[in-house]
Amino acid sequence: MRTPQSWQNARLTLVFAGASAAAWILATALGLDQMAAVWGGFIPARFDGVASELPLAPLALTPLTATLVHGGIVHLGFNLLILLFCGRAVESIIGSRQYAALYLIGAYAAAAAHYASDPHSTVPMVGASGAISAVIGAYAIMFGRNRVKVANPTAALWLNALWLAAAWVALQLLIGATFETSGARIAIAAHIGGFLAGLLLAKPLLLLRYRGA
């Protein structure tokens, strides 16, 4: 499948990217970036009833509000680069409604995986990486080259998906090990959770679009 080159059918990708950039610029300009991380970040320990002196977003919404908070210009820039590259193609293929579902479910899948990895953490998880990982997963299924050659098309699809998932997990573990030495914390589990959600949702969302056409 050829990668779409037009933005005409990928406007929601621009909306998500613009909202993330605007939120970071506003928080940074007002000097509220640290407060924004606590207010909107996903904090697993909140499920234990851990309180905060600062106002907090509703717990059920924090997987979404966390996507609007970033740890710096490099964090934001890398996420937007990947989102714009993969999101344009995926949204053009599956449609805006299905793409919105992919992004939102990816955000919650990422939060769930992050919670499972460290349920008592008080450190806010911020960034759109988890939701974007779901977009990457869908992109990999739709546009990735099938490296597994078997006669059954369905088996080939899932074996290829497992290969892609394994490669993504390995990459995240490598990134985590690299940045851990510098003191930065990478939400590896969140990236993996979002990516797996994208792998699983790509085909159903594509079928949903064309069944409703």
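Which residues does Tyr-99 touch, not counting residues up to four places away in sequence? I looked this up in a predicted model. Tyr-99 touches Leu-12, Thr-13, Phe-16, Leu-83, Gly-87, Val-90, Glu-91, Ile-94 and Val-135.

**Cores**

I then turned to the largest nonpolar core, which has 37 residues. Tyr-99 is among the members that touch the most others, along with Val-90, Ile-94, Leu-102, Tyr-103 and Met-142. I listed the elements that give two or more residues to this core: helices H1 (11-29), H4 (73-94), H5 (96-117), H6 (129-143), H7 (153-180) and H8 (188-211). H6 supplies the largest share, eleven residues. I also noted a second, separate core of seven residues, with Phe-42, Ala-66, Ala-111 and Met-125 among them.

**H5 against H6**

Next I checked how H5 and H6 pack. Their axes are 7 Å apart, and the angle is about 125 degrees. The crossing of H5 past H6 is right-handed.

I wrote down the residues on both sides. From H5 they are Tyr-99, Leu-102, Tyr-103, Gly-106, Ala-107 and Ala-110. They meet Gly-130, Ala-131, Ile-132, Ala-134, Val-135 and Ala-138 in H6. Sorted by class, this contact has ten nonpolar residues, two polar ones and no charged ones.

Notes:
Residues numbered from 1 in each chain as written. Predicted model: local features only at pLDDT ≥ 70, side-chain atom pairs only at ≥ 80, totals over all residues. Heavy atoms only, no water. Core = buried A, V, L, I, M, F, W, Y, C linked by side-chain atoms within 4.5 Å. Buried < 20%, exposed > 50% of the residue type's maximum accessible area, 1.4 Å probe, protein only. Helix = DSSP H or I, 4+ residues; strand = E, 2+ residues; numbered from the N terminus. Contact = heavy atoms within 4.5 Å. Axes fitted to C-alpha atoms, helices over the stretch in contact; angles between N-to-C directions. Left-handed = near helix turned anticlockwise from the far one by under 90°. Nonpolar A, V, L, I, M, F, W, Y, C, P; charged D, E, K, R; others polar.
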